[in-house]
Amino acid sequence: MHKQIQRNLVSVHPPPLTPPTRGGGKTYPPHVPLTEGDKGGGGRSGGGAELLRNLKTHTQEGFSLIEIIIVMVIIGALAGTAIPVYIGMGPSIRLSGATRQIMGDLMWARMQAISQNNEYKVFFLDDHRYQILDDTDNDGNIDSGESTITKDIQEKYDGVTFTSNNNPIFHPRGNASNLATITLTNSFGTKTVKIVITGRVKIE
Ligand SMILES: [Ca+2]
Ligand SMILES: [Ca+2]
């Protein structure tokens, strides 16, 4: 009895080792005929219960091998294609995100001007920072008692810079003056945010 089990185990062990040497055994189908062939061998040498046990052992080994191969194929696919795609997409996602942030903050300043019934002015300080002024006395200058918010586009969007041809002002009726065009740039390219006289903020 025990000898037969051992013999069966011995006869069962070699097949799982063969697929890797076949090279083509990277995918599931090439391995299937091997499993079937081994089933036949087990049938000749063992009785019902032992055969079942051996088949289970073999099946488990076979599937774990397939699983390893599948994992290797997936890792290979990720390393070969997914990572370069991600690296390629990075700058474009950052440029779009930075553009939406500027647009959102300009729209927020306009809404604040309407709701607080005083002008809001946006100062572009350098190529990555801007300041939003709650200009309570509507004089276009930062005075004591007037609050400002300073934002840095590179806090979230590394590598993005901008230029603006003006420091726009939003008025309580929703319209704008000091109309500005802001150009954002990074390694992917450029995007433009434009403020028109009605106070609308557009991405061009
Ligand atoms: Ca105010
Ligand atoms: Ca002021």
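These are my notebook entries on one chain, taken from a predicted model.

**Entry 1: overall make-up.** I started with the secondary structure. I count four helices and nine strands in the chain. Then I read along the sequence.

Entry 2: I looked up how much of the chain is buried. Of its 204 residues, 21% count as buried.

Entry 3: I traced an open sheet of five strands. Its order is β3-β2-β1-β5-β6, and the pairing is antiparallel. I noted the edges: β3 (148-152) and β6 (176-177) each pair on one side only.

**Entry 4: β1 against β5.** I followed one pairing inside the sheet. Strand β1 covers residues 119-124 and strand β5 covers residues 169-170. They pair in the antiparallel sense over two bridges. Which residue in β5 is the bridge partner of Tyr 120? I find Phe 170 there.

**Entry 5: Asn 138.** I picked a loop residue. Asn 138 sits in the loop between β2 (129-135) and β3. Is Asn 138 buried or partly exposed? I count 15 C-beta neighbours inside 10 Å, so Asn 138 is partly exposed; buried would need 20 or more.

I then looked for its partners. Leaving aside neighbours within four places in sequence, Asn 138 is in contact with Asn 118 and Glu 119. I also checked Lys 121, which is 17 residues from Asn 138 along the chain. The C-alpha atoms of these two are 9.0 Å apart.

Key:
Residues numbered from 1 in each chain as written. Chains lettered and ligands numbered in written order. Predicted model: local features only at pLDDT ≥ 70, side-chain atom pairs only at ≥ 80, totals over all residues. Pairing = 2+ DSSP bridges. Buried ≥ 20, exposed ≤ 12 C-beta atoms within 10 Å, placed from the backbone. Contact = placed C-beta atoms within 7 Å.
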